[in-house]
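Open the model in your viewer and keep the sequence panel beside it. Each stop below says what to select and what is there.

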Amino acid sequence: QADAEAVGFSLLAAGVRCGNTIKDLSFAAHSSDLCVDLVCADPQCGSLFDHSGQNMRCSCLEEGQACQEVADPSTSRFQITDMTNCQSVAGSDCFATLHENGDFSGWSASFSQ
């Protein structure tokens, strides 16, 4: 599991979220520090993530996935500045995420080994 103090992250945009996140990690992330720890621990997440202070939602994008910005006053977008401090607990997980549409909209399903 990642150490939240060792994981650096920066604010990219306040009042904006990504409308095409691949995964909601929590609806109980009380802070962006807790959210970054959840993002680091999930092998499906890349360095970009959203955190909402209002509904405590923490969600992430896949590595290399571009954000489709949506105005949301209660949410901020962040980026982990050094992913080397993030380590998956599982090690070498194998998984696939399928999306209904090529722009990551619609339904999605994740499958693991």
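Buried here means under 20% relative accessible area, exposed means over 50%, and partly exposed is in between (1.4 Å probe, protein chains only). Helices (H or I, at least four residues) and strands (E, at least two) are DSSP runs, numbered from the N terminus.

This is a predicted model, in which local features need pLDDT of at least 70 and side-chain atom pairs count only at pLDDT 80 or more, while totals for chains, interfaces and linings use all residues. Residues are numbered from 1 along each chain as its sequence is written, and side-chain values use heavy atoms, with hydrogens and water left out.

**Stop: Ile-80**

Which residues is Ile-80 in contact with, leaving aside its neighbours within four places in sequence? They are Val-7, Gly-8, Phe-9, Val-36, Val-39, Cys-40, Gly-46, Ser-47, Phe-49 and Cys-86. Contact means heavy atoms within 4.5 Å.

**Stop: helix α1**

Now select residues 32-41, which make up helix α1. Its buried residues are Ser-32, Cys-35, Val-36, Asp-37, Val-39 and Cys-40. These buried residues pack against β1, β2 (23-26), β3 (48-52), β4 (58-60) and β5.

Within α1, pick Val-36. Is Val-36 buried or exposed? Val-36 is buried, with a relative accessible area of 0%. Beyond its neighbours within four places in sequence, Val-36 is in contact with Val-7, Phe-9, Phe-49 and Ile-80. Draw a distance from Val-36 to Cys-58: C-alpha to C-alpha they are 8.5 Å apart in space, and 22 residues apart in sequence.

**Stop: the sheet**

Show the strands. They form an open sheet of 5 strands in the order β1-β5-β3-β4-β2, with antiparallel pairing. Because β1 and β2 stand at the edges with a single partner strand each, one side of each is left without a neighbour in the sheet. Neighbouring strands are turned by 30° against each other on average, direction ignored. Helix α1 packs on the sheet and touches β1, β2, β3, β4 and β5, its direction making about 145° with that of β3. Axes are lines fitted to C-alpha atoms, for helices over the stretch in contact, and angles run from 0 to 180 degrees between N-to-C directions.

Next, zoom in on β2 and β4, which run antiparallel and are joined by 3 bridges. Two strands pair if DSSP finds at least two bridges between them. Lys-23 stands opposite Cys-60 in β4.

**Stop: the disulfides**

Select the cysteines. How many disulfides does a search of the whole structure find? The search finds 3, a disulfide being a pair of cysteine sulfur atoms within 2.5 Å.

- Cys-18 and Cys-67 have their sulfur atoms 2.0 Å apart. This link is left-handed, with -115° about the S-S bond. Cys-18 lies in strand β1 and Cys-67 in the loop between β4 and β5, so the pair ties together parts 49 residues apart in sequence. Cys-18 counts as buried at 1% relative accessibility, whereas Cys-67 is partly exposed at 21%.
- Cys-35 and Cys-58 form another, with sulfur atoms 2.0 Å apart. Their link is right-handed, with 85° about the S-S bond. Cys-35 is in helix α1 and Cys-58 in strand β4, so parts 23 residues apart in sequence are tied together.
- Cys-45 and Cys-60 also form a disulfide. The link is left-handed, with -65° about the S-S bond. Both of these cysteines, Cys-45 and Cys-60, are buried.

**Stop: the aromatic rings**

Finish with Phe-9, Phe-49 and Phe-78, which form one aromatic cluster. Rings of Phe, Tyr and Trp (its six-membered ring) pair if their centres lie within 6.5 Å; planes under 30 degrees apart count as stacked, over 60 as edge-to-face and the rest as tilted. By this rule there are 3 aromatic pairs. Phe-9 and Phe-78 have ring centres 5.6 Å apart and planes at 75°, so this pair is edge-to-face. Phe-9 lies in strand β1 (residues 9-18) and Phe-78 in strand β5 (residues 69-80), so the pair ties together parts 69 residues apart in sequence. Phe-9 is partly exposed, at 23% relative accessible area, while Phe-78 counts as buried at 11%.
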